[in-house]
Amino acid sequence: MARPTTSSTATALARPAGSRNTLPGRLSPGMACDTAFRIIARRHLAAVLAQHDGTCRGDPEALHQIRIALTHLRTAIRFFSPMVDDALRPKVWAELKWLNSQLGMVRDLDVAIERVVAETGNELAVIAELQHWDDKRAESHRLLARALQSARYRRLVEQTSSWIESGPWSTRRGKEAIRLRRCPLADHATAQLTEWEKTLLRKAKKLRKLDVEKRHKLRILNKRLTYSIESLEDLFAEKSLTKQKSILKQLRRAQKSLGQLNDDARGQTLAASLNEAAPEAAVRFLDRKREKKLLRTASTAYRKLDKAKPFRSSDLTPDPEPED
């Protein structure tokens with residue numbers, strides 16, 4: 001009997017299996033947190049698997065989407081901590097982090113190449129430079145495709161799927177463990193969103209003084225809050241959709257600016273490795289005027305976010321559907 005391929009294994013895991021618990025299609029405010037975690041984590045793991053083949057083929061958009069889905073999944077694990085903090089979580093987390101690092105190098109190169117092309121067009125002077133970038137990208141993609149077709153990747157998918165469904169976190173005894181699993185989703189979500197927003201805004205006040213590394217950490221906090229709100233979309237009441245959209249608008253605006261700043265820093269680092277072959281490469285990612293503009297945009301977004309009213313539990317309680 002032929003051994004199943006990575007793609008066929010991933011596809012099988014992405015489909016609801018008969019042996020897996022049947023879960024509601026949507027989140028609800030009174031839903032227990034263990035059920036909510038499984039619904040959200042399943043969605044994002046399935047999204048990761050859906051982009052597997054395209055990423056292996058070298059499709060930049062598939063690579064972008066698989067990274068987004070993976071970050072959503074990792075955010076969900078953090079969002080439902082400490083409920084899911086069991087003995088297996090560090091192993092699952094380490095493998096997801098490994099996958100993210102494999103994807104990250106190629107994605108960074110894609111972004112850097114886009115930047116060079118956008119700024120130079122078809123100038124003959126940069127053809128040699130682009131060739132070096134493309135060679136580095138091709139080499140990195142070969143390593144990525146090998147990782148995505150490896151036994152380690154298959155184990156990662158199987159282990160993560162199994163852990164989501166029936167990891168030790170789901171059967172731990174003790175009043176606190178049971179309380180965390182049974183806690184209504186709206187209660188946990190309100191508390192977690194409030195805590196993460198306060199932390200983000202506190203650190204954002206020092207944005208202009210942050211170095212590259214600390215700015216990157218702020219961007220991660222921004223992304224966690226953004227992705228968590230997006231994952232909870234089912235919960236927002238009709239009356240609170242305007243607030244949700246307004247908050248997401250400012251978070252995404254800040255995220256875009258911080259992301260571009262991070263891309264510039266990563267591009268500069270990557271360009272340094274091409275220094276001998278393309279001495280002018282690093283200069284393309286050094287633009288103080290652009291940096292000031294992006295910092296100003298992010299700071300403005302955070303000021304507006306700070307003025308918005310924080311989420312309340314009533315925001316996460318959908319209006320009752322009218323009776324027929």
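Ser-228 is placed in helix α10, where helices (H or I, at least four residues) and strands (E, at least two) are DSSP runs numbered from the N terminus. At 4% relative accessibility Ser-228 counts as buried; buried means under 20% relative accessible area, exposed over 50%, and partly exposed in between, with a 1.4 Å probe and protein chains only. Leaving aside neighbours within four places in sequence, Ser-228 is in contact with Thr-75, Phe-79, Leu-193 and Trp-196, a contact being heavy atoms within 4.5 Å. The C-alpha atoms of Ser-228 and Gln-192 are separated by 9.4 Å, although the two residues are 36 residues apart along the chain.

The model is predicted, so that local features need pLDDT of at least 70 and side-chain atom pairs count only at pLDDT 80 or more, whereas totals for chains, interfaces and linings use all residues. Residues are numbered from 1 along each chain as its sequence is written, and side-chain values use heavy atoms, with hydrogens and water left out.

The protein chain as a whole contains 12 helices and zero strands. Of its 324 residues, 48% count as buried. Among the contacts in the protein chain with a separation of 6 or more, 80% come from residues 24 or more positions apart.

Helix α4 (residues 60-79) packs against α9 at an angle of about 105 degrees, and their axes are 11 Å apart; axes are lines fitted to C-alpha atoms, for helices over the stretch in contact, and angles run from 0 to 180 degrees between N-to-C directions. That angle makes α4 roughly perpendicular to α9, on a scale where angles under 35 degrees count as roughly parallel, over 145 as roughly antiparallel, 65 to 115 as roughly perpendicular and the rest as oblique. On the α4 side the contact is made by Thr-75, Arg-78 and Phe-79, and on the α9 side by His-188, Ala-189, Gln-192, Leu-193 and Trp-196. By class, this contact has four nonpolar, three polar and one charged residues; Ala, Val, Leu, Ile, Met, Phe, Trp, Tyr, Cys and Pro count as nonpolar, Asp, Glu, Lys and Arg as charged, and the others, Gly among them, as polar.

Helix α9 itself (residues 185-204) has 20 residues and reaches 28 Å from its first C-alpha to its last, close to the 28 Å expected at 1.5 Å a residue. The expected span is 1.5 Å times one less than the number of residues. The buried residues of α9 include His-188, Ala-189, Gln-192, Leu-193 and Trp-196.

A cis peptide bond joins Ser-81 and Pro-82, with omega about 10 degrees. Most peptide bonds are trans. Further along, Asp-108 is found in helix α5 (residues 89-120). Asp-108 is buried, with a relative accessible area of 15%, and touches Arg-266 and Leu-270, not counting residues up to four places away in sequence.

Charged pairs form a further theme. A search of the whole structure finds 13 salt bridges, each a side-chain nitrogen of Lys or Arg within 4 Å of a carboxyl oxygen of Asp or Glu. In one of them the side chains of Asp-85 and Arg-89 meet at 2.9 Å, N to O; Asp-85 is partly exposed at 29% relative accessible area, whereas Arg-89 is buried at 17%.

In helix α10 (residues 212-231), Glu-213 and Lys-217 are four residues apart and therefore separated by about one helical turn. Their salt bridge has its closest N and O atoms 3.9 Å apart. Glu-213 is exposed, with a relative accessible area of 51%, and Lys-217 is partly exposed at 48%.

Helix α12 (residues 288-307) holds both Glu-291 and Arg-288, three residues apart, about one turn of the helix. The side chains of these two residues meet in a salt bridge of 3.2 Å, N to O. Glu-291 is partly exposed at 23% relative accessible area, while Arg-288 counts as exposed at 59%. Elsewhere, salt bridges that share partners join Arg-26, Arg-43 and Asp-234 into one network.

Helix α12 also contains Lys-293, which counts as exposed at 53% relative accessibility. Lys-293 and Ser-257 are 36 residues apart in sequence and 8.8 Å apart in space, C-alpha to C-alpha.
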